[in-house]
Amino acid sequence: MLVIDKLKDQEMFTVTEKRIADYILQNTADIPTIYIADLAKLTYASHSAVIRLCKKIGCNGFREFKLAVSAVVHSQLHKPGPVNVNFPFEPNDPPMVIAKKMADLTMDAVRKTFVQLDDKTLNNAVEMISSAERVFLFSKGDSQLRARSFQNKLIKINKFVIIAEEYSDESWNAASLTKKDCAIFISYAGRNEKYHRILSYFQQERVPSILLTGNNKSPLVKQVSLPIITIQDEYDFVKIGTFSSQVSFEYILDTLFSMLYAREFQKNLKDLKKKQDLIQSGILREEA
């Protein structure tokens, strides 16, 4: 979760901390070079109040906090032009303007997702998927398209996964999972009562689970073995399409597939060539 997003989520802040956070959000570009004394003076706060805020959002002190903000400022300097992810184009925009806005939206979503990932989370997710006897994907709507794309890629490395909700069989599939399997849930809003009940059962049976979501307050986050939270500026309902969230999910799943592939890179390349020969010129070749 980005430091800026933590500053926006002010539910647990005191009145003084909210005032400091609001000033930082309104003057983000100035923070990397500001002194703690100046920030305290500008926000009518004490040095200790500034330090408490830094620690509350996960930084050891003001120095670490400034470094985190500096990283955000640097990424903003190199990001595409601003695009409203919920309504990224206007009705009278010409084709190439729409194309440019969609390119900017896509690149911005990937960059924002990237800075919210970390080595430990990615490695843990890959280890869970790699060691599982079976992998079940729980997702609905647009997110299920991302799940099917992931399923298709994993076939290439002999990892056969199951779309749990195909033919509305999610309950039967959930009842069949064991602690030797792995369940992956994909839900941007992270509000699904059926998933809540399924994960309650998985906790009881110690079934490993992964959640991809854009909602750090989702009740599912506390139920899964490994949450992967990547927040985008996308609304739940009032929007043209699920552009940024689906770009984010696709990017994460492609990253996980790439890491799995890289684990046995030469073996997978050899297997790829063998299968290509079989399909292109062997007994499984397509008839002209």
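In which loop is Val115 placed? In this predicted model, Val115 occupies the loop between helix 6 and helix 7 (119-131). Val115 counts as partly exposed, because its relative accessibility is 40%. The C-alpha atom of Val115 lies 28 Å from that of Leu199, a residue 84 positions away along the chain.

The protein contains 12 helices and five strands. Its C-alpha trace extends over about 75 × 55 × 40 Å along the principal axes. Of the 288 residues, 43% are buried. Among contacts with a separation of 6 or more, 68% are between residues 24 or more positions apart. The accessible surface of the protein amounts to about 16,300 Å², and carbon and sulfur atoms contribute 56% of that area. The side chains include 39 positive and 34 negative ones, with 4 Å between the centres of the two sets.

Helix 6 comprises the 20 residues 95-114. The buried residues of helix 6 are Asp104, Leu105, Ala109, Lys112 and Thr113. These buried residues line one face of helix 6, because they fall within an arc of 160° when seen down the helix axis. Pro95, Met96 and Phe114 are exposed on the other side of helix 6. The packing partners of the buried residues are helix 1 (3-8) and helix 11 (243-263).

Helix 10 (193-205) has 13 residues and reaches 19 Å from its first C-alpha to its last, close to the expected 18 Å. Its buried residues are Tyr195, Ile198, Leu199 and Phe202. Viewed down the axis of helix 10, the buried residues lie within an arc of 100°, so they line one face of the helix. Glu193 and Gln204 are exposed on the face of helix 10 turned away from its buried side. The cover over the buried residues of helix 10 includes strand 1 (135-139), helix 9 (170-176), strand 3 (182-186) and strand 4.

Arg206 is located in the loop between helix 10 (193-205) and strand 4 (209-213). The phi angle of Arg206 is near 60°, a positive value in a residue other than glycine. Arg206 is exposed, because its relative accessible area is 61%, over the 50% cut-off. Asn158 also has a phi near 60°, again positive in a residue other than glycine. The position of Asn158 is in the loop between helix 8 (141-155) and strand 2 (161-163). With a relative accessible area of 39%, Asn158 is partly exposed.

Helix 2 has 12 residues, and the distance from its first C-alpha to its last is 17 Å, close to the 16 Å expected at 1.5 Å a residue. Glu17, Ile20, Ala21 and Ile24 are buried in helix 2. Down the axis of helix 2, these buried residues fall within an arc of 100° and so line one face of the helix. Val15 and Gln26 are exposed on the other side of helix 2.

Thr28 counts as buried because its relative accessibility is 12%, under the 20% cut-off. Apart from residues up to four places away in sequence, Thr28 touches Ile4, Val69 and Val73. Ile34 is likewise counted as buried, because its relative accessibility is 10%. Beyond its neighbours within four places in sequence, Ile34 is in contact with Leu39, Leu42, Phe62 and Lys66. One of these residues, Lys66, is 32 residues from Ile34 along the chain, and the C-alpha atoms of the pair are separated by 8.5 Å.

Note on methods. Residues numbered from 1 in each chain as written. Predicted model: local features only at pLDDT ≥ 70, side-chain atom pairs only at ≥ 80, totals over all residues. Heavy atoms only, no water. Helix = DSSP H or I, 4+ residues; strand = E, 2+ residues; numbered from the N terminus. Buried < 20%, exposed > 50% of the residue type's maximum accessible area, 1.4 Å probe, protein only. Contact = heavy atoms within 4.5 Å. Areas by Shrake-Rupley, 256 points an atom, 1.4 Å probe, with all protein chains shown as cover. Lys, Arg positive; Asp, Glu negative; His and termini not counted. Charge placed at Lys NZ, Arg CZ, Asp CG, Glu CD. Expected span 1.5 Å × (residues − 1). Arc of directions from axis to C-beta.
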